[in-house]
Amino acid sequence: MRTLVRGRTPARVREVLATPREDGFDAEGVSTDEEARGLLASGEFGVLIVGGGVRPESRAALKECTAGHGVREAIDGALTEPFDAYVRRESEQLIRKASAEG
């Protein structure tokens, strides 16, 4: 199941994506709402993770955008350091759960 990560900055997105990719997850990341909406519209993503630094109005709009595009789980992220441990403990568990239910 493909996962889309929407983060505040390209650098943070790259940092966050390193862990799930290393762990064998198919994940892509973007740092703008426009990019995220375009990718969500493709119907290729089953999970959306929105980082804690993304503005509340953007977060709400992206979650609304998931309807009808095959997204099974929309996750609110709030990274804590170390980032790799947080991603493994929180995000990867929810990705696995959404994959099992799909």
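Trainee: Where is the place of Thr3?
Mentor: Thr3 is in strand 1; strands (E, at least two residues) and helices (H or I, at least four residues) are DSSP runs, numbered from the N terminus. Please bear in mind that this is a predicted model, in which local features need pLDDT of at least 70, side-chain atom pairs count only at pLDDT 80 or more, and totals for chains, interfaces and linings use all residues. Residues are numbered from 1 along each chain as its sequence is written, and side-chain values use heavy atoms, with hydrogens and water left out.

Trainee: Is Thr3 buried or exposed?
Mentor: Thr3 is buried, at a relative accessible area of 1%. Buried means under 20% relative accessible area, exposed means over 50%, and partly exposed lies in between (1.4 Å probe, protein chains only).

Trainee: And what does Thr3 touch?
Mentor: Leaving aside residues up to four places away in sequence, Thr3 touches Asp26, Ala27, Glu28, Phe45, Val47, Ile49 and Ile95. Contact here means heavy atoms within 4.5 Å.

Trainee: Let us turn to the sheet. In what order do the four strands stand?
Mentor: The order is 2-1-3-4, in an open sheet with parallel pairing. Two strands pair if DSSP finds at least two bridges between them.

Trainee: Which strands stand at the edges?
Mentor: Strand 2 and strand 4 (73-76) do; each has a single partner strand, so one side of each lacks a neighbour in the sheet. From one strand to the next, the twist averages 20°.

Trainee: How many bridges join strand 1 to strand 3?
Mentor: Five bridges join these parallel strands, and Arg6 stands opposite Val50 in strand 3. Strand 3 is also joined to strand 4, by four bridges and again in parallel. There, Leu48 is opposite Ala74 in strand 4, and Ile49 is opposite Ile75.

Trainee: How many residues of strand 3 are buried?
Mentor: Six of its six residues are buried, and strand 3 is described as mostly covered.

Trainee: Now the helices. Which residues of helix 2 are buried?
Mentor: In helix 2 (residues 33-41), they are Asp33, Ala36 and Leu40. Seen down the axis, these buried residues fall within an arc of 60°, so they line one face of helix 2. The arc is that of the directions from the helix axis to the C-beta atoms.

Trainee: Why would residues three or four places apart point the same way?
Mentor: An α-helix has 3.6 residues a turn, so residues at that spacing point the same way.

Trainee: What covers the buried residues of helix 2?
Mentor: The cover includes strand 1 (2-6), strand 2 (26-30), strand 3 (45-50) and helix 3 (56-65).

Trainee: Which residues of helix 3 are buried?
Mentor: Ser58, Arg59, Leu62 and Cys65 are. They cover an arc of only 125° around the axis, which puts them on the same side of helix 3. On the other side, Pro56 and Glu64 are exposed. Strand 1, helix 2, strand 3 and strand 4 are among what covers the buried residues of helix 3.

Trainee: How does helix 1 lie?
Mentor: Helix 1 (residues 10-22) lies across strand 1 and strand 2, running at about 175° to strand 2. Axes are lines fitted to C-alpha atoms, for helices over the stretch in contact, and angles run from 0 to 180 degrees between N-to-C directions.

Trainee: One change of topic: how much space lies in the largest pocket?
Mentor: About 250 Å³ lies there. Of its 19 lining residues, the closest to the centre are Arg12, Val16, Gly51, Gly52 and Leu79. On a 1 Å grid over the protein atoms alone, a pocket is an open set of points where a 1.4 Å probe fits, with protein on both sides within 12 Å along at least five of seven lines; lining residues have an atom within 4 Å of a point. Grid points are joined across faces, edges and corners, and a volume is the space filled by probe spheres set on the points.

Trainee: Which element gives the most to that lining?
Mentor: Helix 1 does, with four residues.
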